[in-house]
Amino acid sequence: MAVQLPHSFSERMKDLLGREYEAFAETYGEIPHTGVRVNTLKIPVEALRRIMPFGIEPIPWCPTGFYTPEGARPGKHPYYHAGLYYIQEPSAMAPVELLGVLPGDRVLDLCAAPGGKSTQIAAKLQGRGMLVSNDLHSERTKALAKNLELCGARNAVVLNESPERIAAAFPGFFDRILIDAPCSGEGMFRKDEDMVRQWDESTPAKYAGMQREILQAAARALKPGGTLVYSTCTFSPEENEGGITEFLAGHPQFSVVPVGGTGSFAPGFQPLPDTARLWPHKVKGEGHFIAVLRQEATAGENTAGTRSGDPSLPAAPRREIGGRTAVPRKDKTPESRVDNRSGRSSGRNGSRGRSVAVTSVGDIMAAYAEFTREQLGWQPEGFPILFGEHLYMSPLSREALDGLKTVRPGWYMGQVRNGRFIPGHPLATALAPHESRRSVTLAGEGAEAVSYLKGETLSIPSDRLRLAPGAAPKGYVLVCIDEYSVGWAKWQDGILKNEYPAGWRWT
């Protein structure tokens, strides 16, 4: 059934597109295109193509992106729960490709929820440098944190802050910044009819002011020589070329990197033809606008990524431990509490709450050190940060996060309970099988994988466990699906006790 477009929207699009309008309008009677993007933190592209249970077709502008056939249900396969791919609208994969992320970069995803573009950035970083993913809406940060956990990101921080406060905390800090700006959503009308119902003639103007403020803040957080990508999923020139033109007039140190008119990308409207537009009647995807901006470098500035010798990002992080809370707050926002299983922190309603450390810092770190020796055989890198008895390894120091509303300060290791270290689920999802001294693999096409994902107990003989030399079978086991980690279990006497979090289970 064709989408019924608002009359005033149709009239404006006729003015913008002229003779192309009829071809554009016909796309609203078509089924939207769907896609997946390979998570190269866990699996190479060609390896996933070999094991994918349905046919996939390459997306031209994203080397890790593929169209999925109509009727495919990629979210209902164990490989999705193993984090091997992210389900993403094809056009939405373009902005990060144009951001040019390199391993070692410091990257800020300023309007990040639900996390599709953040997981794409994390894969490009390959565990080096850092990603700060932010969203202004606290509820949306829950999905953002979970998606980063699912993809196995080790070097990501999740914030719930205003762009202005981030810019004040990190002036001139980031190599690359992505603004996937909140917008009127006109490019998503075919995919989401709620966007049509919420739209009226005043909607573009409402978002345009907000977008200009976000751009101003991002400019302050970008280092000289850095790259900023601004994208929307709308057609409104007021929210696209108009906002960028105004920004450039006030920021002469920025220039547009030519993108438009190449391959799948159509040129932007005047006066910015070097920006890019994706039109649904020209590509297999929804409507998008993208502008790539570069800030002029100062003399001697390194623009090829963050050097390991940079004093603000040590190659060998110091052992920094917080007190009662490792990310103290200066504002009046309630302090965070941490979900015991997932490690995600969330605001506490009502009276001001506190994460009270029952166990001493020394005891927590001793229990953690014993766990890593016995279970991993190696030491994860990062700045140790504590929320009560919950431990994270962060790419940023405690002081760098001071005063910011921090949802996740880094890679969640786990918590101490009754003197023992309990590993967190995000620790498991970011591990490879060889990084755990005990592991077991379940067949992706077999019943065992689904049973595990449903939270069920399994019978597994000891000879199916993969054990490092000297490791006993009893204890925590990294559970994998076709060699890709999905979570923890505890093995004893032929029984694999399930530790998969209730909120993540197959339904």
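This is a predicted model: local features need pLDDT of at least 70, side-chain atom pairs count only at pLDDT 80 or more; totals for chains, interfaces and linings use all residues.
A disulfide is a pair of cysteine sulfur atoms within 2.5 Å. Keep that cut-off in mind.

Look at Cys233. Which cysteine sulfur is closest to the sulfur of Cys233? The one in Cys183, at 3.5 Å, and that is too far for a bond. Cys233 itself is buried, with a relative accessible area of 19%. Cys111 is buried as well, at 14% relative accessibility. That is it for the cysteines.

Next, salt bridges. A search of the whole structure finds 22 salt bridges. I will show you a few.

Start with Asp175 and Lys223. Their side chains meet in a salt bridge, 2.6 Å from N to O. Where do the two residues sit? Asp175 lies in strand β8, residues 174–180, and Lys223 lies in strand β9, residues 222–232. So the pair ties together parts that are 48 residues apart in sequence. Are these two buried or exposed? Asp175 is buried, at 4% relative accessibility. Lys223 is buried too, at 9%.

Now Arg466 and Glu483. They form a salt bridge, and the closest N and O atoms are 3.1 Å apart. This pair links distant parts of the chain, 17 residues apart. Arg466 is in strand β23, residues 466–467. Glu483 is in the loop between β24 and β25. Check the accessibility. Arg466 counts as partly exposed, at 42%. Glu483 counts as partly exposed, at 33%.

Arg140 is partly exposed, with a relative accessible area of 39%. Asp135 is buried, with a relative accessible area of 5%.

One last item on this topic. Glu30, Arg190 and Glu286 are linked in a network of salt bridges.

On to a sheet. Find the open sheet of 4 strands. What is the strand order? It is β2-β3-β1-β4, with antiparallel pairing. Which strands are at the edges? They are β2, residues 57–59, and β4, residues 85–87. Each of those pairs on one side only. The sheet twists, by an average of 35° from one strand to the next.

Zoom in on β1 and β4. Strand β1 covers residues 34–38, and it pairs with β4 in the antiparallel sense over 3 bridges. Within that part of the model, Arg37 stands opposite Tyr86 in β4. Now look for the helix here. Helix α6, residues 116–125, lies across β1, β3 and β4. The helix runs at about 30° to β1.

Let's go to helix α1, residues 7–17. Which residues of α1 are buried? Phe9, Ser10, Met13 and Leu17. Why do we say they line one face? Seen down the axis of α1, the buried residues fall within an arc of 95°, so they line one face of the helix. On the other side of α1, His7 and Asp15 are exposed. And what do the buried residues pack against? They pack against α2, residues 21–26. After α1 comes Gly18, and its phi is positive, near 60°.

Arg106 lies in strand β5, residues 106–109. Arg106 is an arginine, yet it is buried, with a relative accessible area of 6%. Its C-alpha atom is separated from that of Leu125 by 8.9 Å.

Where is it placed? In the loop between β9 and α11. Ser236 is buried, with a relative accessible area of 3%. What does it touch? Leaving out residues up to four places away in sequence, Ser236 touches Arg12, Glu186, Pro204 and Arg277.

Quick recap. Helix α1 has its buried residues along one face. And Ser236 is buried in a loop. Thanks, that is my part.

Notes: Residues are numbered from 1 along each chain as its sequence is written. Side-chain values use heavy atoms; hydrogens and water are left out. A salt bridge is a side-chain nitrogen of Lys or Arg within 4 Å of a carboxyl oxygen of Asp or Glu. Buried means under 20% relative accessible area, exposed over 50%, partly exposed in between (1.4 Å probe, protein chains only). Helices (H or I, at least four residues) and strands (E, at least two) are DSSP runs, numbered from the N terminus. Two strands pair if DSSP finds at least two bridges between them. Axes are lines fitted to C-alpha atoms, for helices over the stretch in contact, and angles run from 0 to 180 degrees between N-to-C directions. Contact means heavy atoms within 4.5 Å. The arc is that of the directions from the helix axis to the C-beta atoms.
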